[in-house]
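Subject: Structure handover

Hello,

Here is the structure for your files. Please open it first, then read the notes below.

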Amino acid sequence: IIACNKVATFSGVNAATSLVAPAAGKMVYVCGWSVSATGAATFQFNFGTQTTNPCDTSTVAITPVMNVSTNAVTDHQFNAITNGAVGSGLCVTPSAVTVVGTVYYTVISTPGN
């Protein structure tokens, strides 16, 4: 079991935004999130690396594009539910600046790192 001991938050953005920077020899594990908005909007979480913009390279969707409004979309567990490839970061892409959220995660070094 991999437990999450870190929190990343986001608000006021409407483009791909890095929540956890990619790091060589590290894997990001996600335990969950809570996301809401003041109006109808969407969001998506991805793993990936950056060439020009956050998570624009080797992008892997963690979630489908999800709808959100004043009712929070929450999925949170104590243990990790997904992880990215070694060296990938964690990003969110909200459709409106009214989307705010929290992600629960941890970062673990791979053997030899």
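Accessible areas here come from the Shrake-Rupley method with a 1.4 Å probe, and for residues only the protein chains shown count as cover. On that basis the protein chain exposes about 5600 Å². Carbon and sulfur atoms supply 53% of that area.

Two notes on provenance. This is a predicted model, in which local features need pLDDT of at least 70 and side-chain atom pairs count only at pLDDT 80 or more, while totals for chains, interfaces and linings use all residues. Residues are numbered from 1 along each chain as its sequence is written, and side-chain values use heavy atoms, with hydrogens and water left out.

Overall fold

The protein chain has 11 strands and 0 helices. Both are DSSP runs numbered from the N terminus: helices are H or I with at least four residues, strands are E with at least two. The radius of gyration is 13 Å, close to the 13 Å that the globule rule gives for 113 residues, so the chain is as compact as a globular protein of that length. That radius is taken over C-alpha atoms, and the globule rule is 2.2 Å times the number of residues to the power 0.38. The C-alpha trace spans about 45 × 35 × 20 Å along its principal axes.

Contact means heavy atoms within 4.5 Å. Take the contacts between residues at least 6 apart in sequence: 83% of them join residues at least 24 apart. Buried residues make up 39% of the 113. Buried means under 20% relative accessible area, exposed over 50%, and partly exposed in between (1.4 Å probe, protein chains only).

Disulfides

A disulfide is a pair of cysteine sulfur atoms within 2.5 Å. The count by this rule is 2. In sequence order, the bonded cysteines pair 1-2, 3-4.

Cys4 bonds to Cys31, with the sulfur atoms 2.0 Å apart. This link is right-handed, with 90° about the S-S bond. Cys4 sits in the segment before β1 (6-11) and Cys31 in strand β3 (residues 26-37), so the pair ties together parts that are 27 residues apart in sequence. Cys31 counts as buried, at 0% relative accessibility.

Cys55 bonds to Cys91, and here too the sulfur atoms are 2.0 Å apart. The link of Cys55 and Cys91 is right-handed, with 85° about the S-S bond. Cys55 lies in the loop between β5 (45-49) and β6 (57-61) and Cys91 in strand β10 (residues 89-92), so the pair ties together parts 36 residues apart in sequence. Cys55 and Cys91 are both buried.

Core

A nonpolar core is a set of buried Ala, Val, Leu, Ile, Met, Phe, Trp, Tyr and Cys residues joined through side-chain atoms within 4.5 Å. The largest one has 21 residues. Leu19, Phe43 and Phe45 have the most contacts inside it. Elements giving two or more residues to this core include β1, β2 (17-20), β4 (41-43) and β11 (99-109). β3 gives the most, with 5 residues.

Phe45 and Thr63

What does Phe45 touch, not counting residues up to four places away in sequence? Its partners include Phe10, Leu19, Trp33, Cys91 and Thr63. Thr63 is found in the loop between β6 and β7. Thr63 is buried, with a relative accessible area of 4%. A polar atom of the Thr63 side chain lies 3.1 Å from the backbone nitrogen of Phe45.

Best regards

Technical notes
Polar contact = N/O pair within 3.5 Å; in protein donor to acceptor, adjacent residues only side chain to side chain.
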